[in-house]
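Please have the sequence and the model open.

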Amino acid sequence: MDPSADNRIVSLEHMAIGYAPEKVLLSEINLSLLPGEMVALVGRNGTGKSTLLRSILGFLPVLGGECLLFGAPADSFDLRRRARVVSYVSSRVPAMPSMSVRELVSLGRMPHTGWAGRQGARDREAVWKAMGELGMEDFADRKVDQLSDGERHRAMIARAMAQETVLMVLDEPTAFLDIPNKYELIRTLGRFRDNGRSVIFSTHDLETAWLWADKFWVIHGSKIVEGAPEDLGIMHVFEHLFADSDITFDPSERRFMPHFVPRGTICLEGEEPLVMYWTRTALERLGYRIDKHSGRATIRVTGRQGEYGWQWITDREEKFFPDIYSLARFLIQAE
């Protein structure tokens, strides 16, 4: 984040973006990306995340200010020159009928082989390595239109990996992935970063981004704020992000939570930490505040080694429940 650094991969100064001069989405954008840095771009729907990425890549004209890639204006790059230094994965998943995964990933070598596409041993090695990074080796000969959306998206990312660029830009790369593949992808991008290359990816998944991104670019209102996620947390940026909605940010859990209608206070008693944690989680999800010393009722967790029970105790009654689901159903119906 050193503004005087002369080795910036991306440098945006007083930049304005949009689809027409009369439709400016964001202005006075001042951001930077250094070698070996991973940036997560976050913001609400329709705030300009995809537009910013496409403007940085030179796909859309900059409406004001300066956008430099490797020290040169983004729109000064011809297609081949840009493809040798920047790879891009769109949020849209193309069908690409009749093309195999191997053929799709091999397209990433075009900036190095030319349109004739004659690949040498070095190119084939890069293609196979990229498929391995995304766990697509077993899909090499499968047709792209026979893949699920998540598998197709992983193949597209493998194509970008095979391109072997200094900068990789991805628009919502985790959108179609299940949880294991989501974390494996971010870990793969982390290895890409650790090799001295740079990554920008847009996402709505703050929990995943928080684990790996060196800094965030956060679009909020008409401004973009950048910084390490912890610095932005100190600045209350995440609390403000959805301040006009029914959502709050819990700094201790690093996640967004909906406002729950308060149902009252409950005293929770028990010994087993794991069971107590999940019981507390369920009660808070239902809108109850936990107080060790007071409450309209007491819930006592009993048992050990997998045989647990939940007692509901008030001045008027006691009930026993064999699991949290039964307890939760009772609490909902008791209102």
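In the largest nonpolar core, which has 43 residues, Leu189 and Phe216 touch the most other members. A nonpolar core here is a set of buried Ala, Val, Leu, Ile, Met, Phe, Trp, Tyr and Cys residues joined through side-chain atoms within 4.5 Å, and buried means under 20% relative accessible area with a 1.4 Å probe, protein chains only. Helix 6 gives the most to this core, seven residues; helices are DSSP runs of H or I, at least four residues, numbered from the N terminus.

This is a predicted model, where local features need pLDDT of at least 70 and side-chain atom pairs count only at pLDDT 80 or more, while totals for chains, interfaces and linings use all residues. Residues are numbered from 1 along each chain as its sequence is written, and side-chain values use heavy atoms, with hydrogens and water left out.

What does Leu189 contact, leaving aside neighbours within four places in sequence? Met38, Met161, Met168, Leu170 and Val199, contact being heavy atoms within 4.5 Å. A second, separate core has 28 residues, among them Cys67 and Phe77.

Now the helix pair. The axes of helix 6 (149-162) and helix 7 (179-194) come within 13 Å and cross at roughly 5 degrees; axes are lines fitted to C-alpha atoms over the stretch in contact, with angles from 0 to 180 degrees between N-to-C directions. Helix 6 is therefore roughly parallel to helix 7, the term for angles under 35 degrees. Arg154, Ile157 and Met161 in helix 6 meet Asn181, Leu185, Thr188, Leu189 and Phe192 in helix 7.

Last, the domains: domain 1 is 10-253 and domain 2 is 264-334, with bounds from an automatic or database domain assignment. Their C-alpha centres lie 44 Å apart.

Conventions:
Helices (H or I, at least four residues) and strands (E, at least two) are DSSP runs, numbered from the N terminus. Angles under 35 degrees count as roughly parallel, over 145 as roughly antiparallel, 65 to 115 as roughly perpendicular and the rest as oblique. Buried means under 20% relative accessible area, exposed over 50%, partly exposed in between (1.4 Å probe, protein chains only).
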